[in-house]
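I set aside some time today to browse this model and jot down what I looked up. Here are my notes, in the order I took them.

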Amino acid sequence: MPRPVVLIAEELSPATVEVLGPDVEVRQVDGTDRAALLAAVAEADALLVRSATTVDAEVFAAAPHLTVVARAGVGLDNVDVPAATTAGAMVINAPTSNITSAAELAVALILASLRHLGRADASVKAGRWERKQLTGTELLDKTVGVVGFGRIGQLVAERLRPFGVHLLAYDPYVSQARAAELGARVVDLEELMSTADVVTVHMPRTPETVGLIGEAELALAKPGLHVVNAARGGLIDEEALYRALAEGRIAGAALDVYSSEPPTASETAARLLELPTVTLTPHLGASTVEAQEKAGVAVARSVRLALAGELVPDAVNVAGGAIDEDVRPGIALADRLGQVFTALAAEAPELLEIVVRGEIASRDVTAIKLSALRGIFRPIVTEQVSYVNAPVLAEERGIRVDLVTAEDPDRFRNVVQVRGTLRDGSVVSVSGTLSGVSQEHKLVEVGGHEVDTPLSDHLMFIRYEDRPGLIGRYGGLLGEAGINIAGMVVSREAGTGSEALVILNLDQSVDQQIAEDIGEQIGATRCQSVDLVY
């Protein structure tokens, strides 16, 4: 089998390539050269970018094999996520790679603003010695307001506590208890703005947060307030900030991000460059050696998972988030059960239920549902099926999909069932579990029949009215076809002459025509061969 092609469109650390490993073919292209990118991506299974490469619908149209796009960083402004989802490609980023670097920069900007470090540096380099004009302010006993108390905001708070500050936090989604653990008190934005000596912003940019700190908020501020933004441009109204600084209503600001970048691209942002009380840096939040390496290594690991057909915790267009370690072994099982369901159902169900019973039912088992859907569609569509577009394929087909959980363990510790109601009202179901230390995949129920047999790569399902002599007959017919039976299980409804279900584990694949011929010779109601793939 040819190795998957991983196309790297921007400079990444050597550790990134090392993590990708020898099982892939790594190719390089300049992602800013549009023609070269479109040509190179045609054979790519994975595409790795940073911020300079635009990955849009045109790229996906040129990349029929593309399974995953990985952005070695946090932002995804340069990746068209809806277009990726439509194309069945995962989009991966590295959401935690730069959080330490961003937090440290925020603290550095606070100190730089309070101590006029930017002006002091420029002054000395210009041959001046302006000690009296550059008298600064201590952090000790000052009140710092953290606007946005998520991961980065909390890291900033942790790093500021040793300075002896009083911490306030504004975040509609943080609890008083969590803030108190870090020595902060949760307040509303108005109290924070009117009380703080320093305000540092750490929120995502959304329609609700754009201009969060504007004219009204700055009007509440103390004259000595310093404002810091190392999160996203536009969270602070730059025109209002300019007026507050120019009029001396606040003491200073330090910005790493802008509504337009570079700030010279915007007349409003460019006016901030004129003010001596503003410290400016060129979007350096993630610009550390460590953050860049963490981002590259993180997405490389995720790319390997994606190419192996596994769910990826950092895929932004896949529901479910991080996968619980107790849930992860059931993902491949669910995929294989989905393949068996499709073979037995032979048509799309109107209602599909993914049922998870047992200990793992109390966990987030969304990944199991997605994996079952992927298994269901892999045998029946010609396009690439992934965890991303499998739900879309179901929706396009009018299939209602429900995830059902129950913590009662039934016969086994954990059981995954794929159950579908067909157009005629009949129900097709198949259940499986993981057995033993090796976590062997086992079938434990098919169509209401309780069974216990390995879920091997090659299976045959036979249904017939039970009567003597049939096992020998179909065993002989398989032998004549050169097919070896590795194992079998027979389940029969109560009573003589009732329906029997036979599941054969085979060493080789059986052509469906051979299976149908065998079924016809023994008078079976159904004889179905199933070959499973990983």
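**Entry 1: a trio of strands**

How many bridges join strand β19 to β21, and do the two run parallel or antiparallel? I counted 7 bridges between β19 (residues 458-465) and β21, and the strands run antiparallel. A reminder to myself before going further: this is a predicted model.

I then checked the other partner, β20 (residues 485-492), which is joined to β21 by 7 bridges and also runs antiparallel to it. I picked valine 502 in β21 as my landmark: isoleucine 462 stands opposite valine 502, and valine 490 stands opposite valine 502 as well. I also looked up how covered β21 is: this strand spans residues 499-506 and has 7 of its 8 residues buried.

**Entry 2: salt bridges**

Next I turned to charges. Side chains of opposite charge can pair when their charged atoms come close. My search of the whole structure turned up 26 salt bridges, and I followed up a few of them.

I started with arginine 128, which forms a salt bridge with glutamate 130; their closest N and O atoms are 3.1 Å apart. Arginine 128 counts as partly exposed because its relative accessibility is 41%. Glutamate 130 is partly exposed too, at 24%.

Arginine 249 came next. Its salt-bridge partner is glutamate 215, with 3.3 Å between the closest N and O atoms. I noted that this pair links distant parts of the chain: arginine 249 sits in the loop between α11 (238-246) and β11 (252-255), while glutamate 215 belongs to helix α10, 34 residues away. I have arginine 249 down as partly exposed at 27% relative accessible area, and glutamate 215 as partly exposed at 32%. Both also belong to a network of salt bridges that links Glu215, Glu239, Arg243, Glu247, Arg249 and Arg271.

Is the pair of arginine 374 and aspartate 335 buried or exposed? First the contact: the two form a salt bridge whose closest N and O atoms are 2.9 Å apart. This pair, too, links distant parts of the chain, with arginine 374 in helix α15 (residues 366-377) and aspartate 335 in helix α14 (residues 329-345), 39 residues apart. As for cover, arginine 374 has a relative accessible area of 12%, so I call arginine 374 buried. Aspartate 335 is at 4%, so aspartate 335 is buried as well.

I took a look at one member: glutamate 516 lies in helix α18 (residues 512-522). Glutamate 516 has a relative accessible area of 42%, so I list this residue as partly exposed.

**Entry 3: two spot checks**

Where does alanine 219 lie? I found alanine 219 in the loop between α10 (215-218) and β10 (226-229). With a relative accessible area of 56%, alanine 219 is exposed. I also took its C-alpha distance to alanine 240: 9.5 Å in space, for 21 residues in sequence.

My last stop was valine 19, in helix α1 (residues 14-20). Valine 19 counts as buried because its relative accessibility is 17%, and buried means under 20%. From valine 19 to valine 201 I noted 34 Å between C-alpha atoms, with 182 residues separating the two along the chain.

Terms used:
Residues numbered from 1 in each chain as written. Predicted model: local features only at pLDDT ≥ 70, side-chain atom pairs only at ≥ 80, totals over all residues. Heavy atoms only, no water. Helix = DSSP H or I, 4+ residues; strand = E, 2+ residues; numbered from the N terminus. Buried < 20%, exposed > 50% of the residue type's maximum accessible area, 1.4 Å probe, protein only. Pairing = 2+ DSSP bridges. Salt bridge = Lys/Arg side-chain N within 4 Å of Asp/Glu carboxyl O.
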